[in-house]
Amino acid sequence: DEEALNIALKSLKQEIEKQARDIRDKYIVPPVTTDFAIMFLPTEGLYAEVLRLKDVAEKCQTDYHILLAGPTTITALINSFSVGFRFLQVNKNSKQIAKTLSAIKSQFDTFGEEIDSTKRNIDLAAKATDKLSERKLQRTSSS
């Protein structure tokens with residue numbers, strides 16, 4: 001019965017879009033959450049049928065920021081996101097490490113300047129000590 005099939009497909013399309021709106025409204029709260037969510041369709045048949053419906057997957061993605069996933073695609077999708085989030089974390093950490101290294105370099109430069117200053121003062125003290133020693137020797141020699 002083609003008419004019943006068309007009614008069922010229209011109903012399925014409306015229900016998927018309603019669920020996408022509900023998921024968006026309940027669970028997508030940037031910056032507290034990601035700006036997207038995943039709608040899991042629990043059977044391959046349902047997932048395939050929804051993908052065949054004209055513009056449903058695209059509308060869910062563009063209008064509601066919902067990705068559709070079935071039993072065979074959910075694992076790959078989650079793994080992809082996991083890798084992406086790890087990359088973002090490493091990138092964030094690398095920026096912090098670069099900032100820390102820059103601060104260390106600055107402190108090291110300051111430390112080097114202080115060492116040079118201390119060395120000059122020690123050299124001056126050594127010269128002054130040598131002069132005093134020479135005076136003492138001259139006084140002992142002249143007496």
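The mean positions of the 21 positive and 20 negative charges of the chain lie 14 Å apart. Here Lys and Arg count as positive and Asp and Glu as negative, with His and the chain ends not counted, and each charge is placed at NZ of Lys, CZ of Arg, CG of Asp or CD of Glu.

A word on the ground rules: this is a predicted model, in which local features need pLDDT of at least 70 and side-chain atom pairs count only at pLDDT 80 or more, while totals for chains, interfaces and linings use all residues. Residues are numbered from 1 along each chain as its sequence is written, and side-chain values use heavy atoms, with hydrogens and water left out.

Now to the overall form. The chain has a radius of gyration of 37 Å, whereas a compact globule of 143 residues would have one near 15 Å; the radius is taken over C-alpha atoms, and the globule rule is 2.2 Å times the number of residues to the power 0.38. Along the principal axes, the C-alpha atoms fill a box of roughly 135 × 25 × 20 Å. Four helices and two strands make up the secondary structure, in the order α-β-α-α-β-α from the N terminus. These are DSSP runs, numbered from the N terminus: helices are H or I with at least four residues, strands E with at least two.

Buried residues account for 15% of the 143 residues, where buried means under 20% relative accessible area with a 1.4 Å probe, protein chains only. The largest nonpolar core has 17 residues, and those with the most contacts inside it include Ile16, Met39 and Val50. Such a core is a set of buried Ala, Val, Leu, Ile, Met, Phe, Trp, Tyr and Cys residues joined through side-chain atoms within 4.5 Å. Helix H1 (2-27), strand E1 (37-40), helix H2 (44-52), helix H3 (56-64) and strand E2 (66-69) each give two or more residues to this core.

| Residue | Residues in contact |
|---|---|
| Ile16 | Met39, Leu41, Val50, Val56, Cys60 |
| Glu17 | Val56, Lys59, Tyr64 |
| Tyr47 | Leu41, Leu68, Ala69, Gly70, Thr73 |

Glu17 sits in helix H1 and counts as buried because its relative accessibility is 10%. Tyr47, in helix H2, counts as buried at 13% relative accessibility. The C-alpha atoms of Tyr47 and Thr118, which are 71 residues apart along the chain, are separated by 75 Å.

Note on methods:
Buried means under 20% relative accessible area, exposed over 50%, partly exposed in between (1.4 Å probe, protein chains only). Contact means heavy atoms within 4.5 Å. Lists of a residue's contacts leave out its neighbours within four places in sequence.
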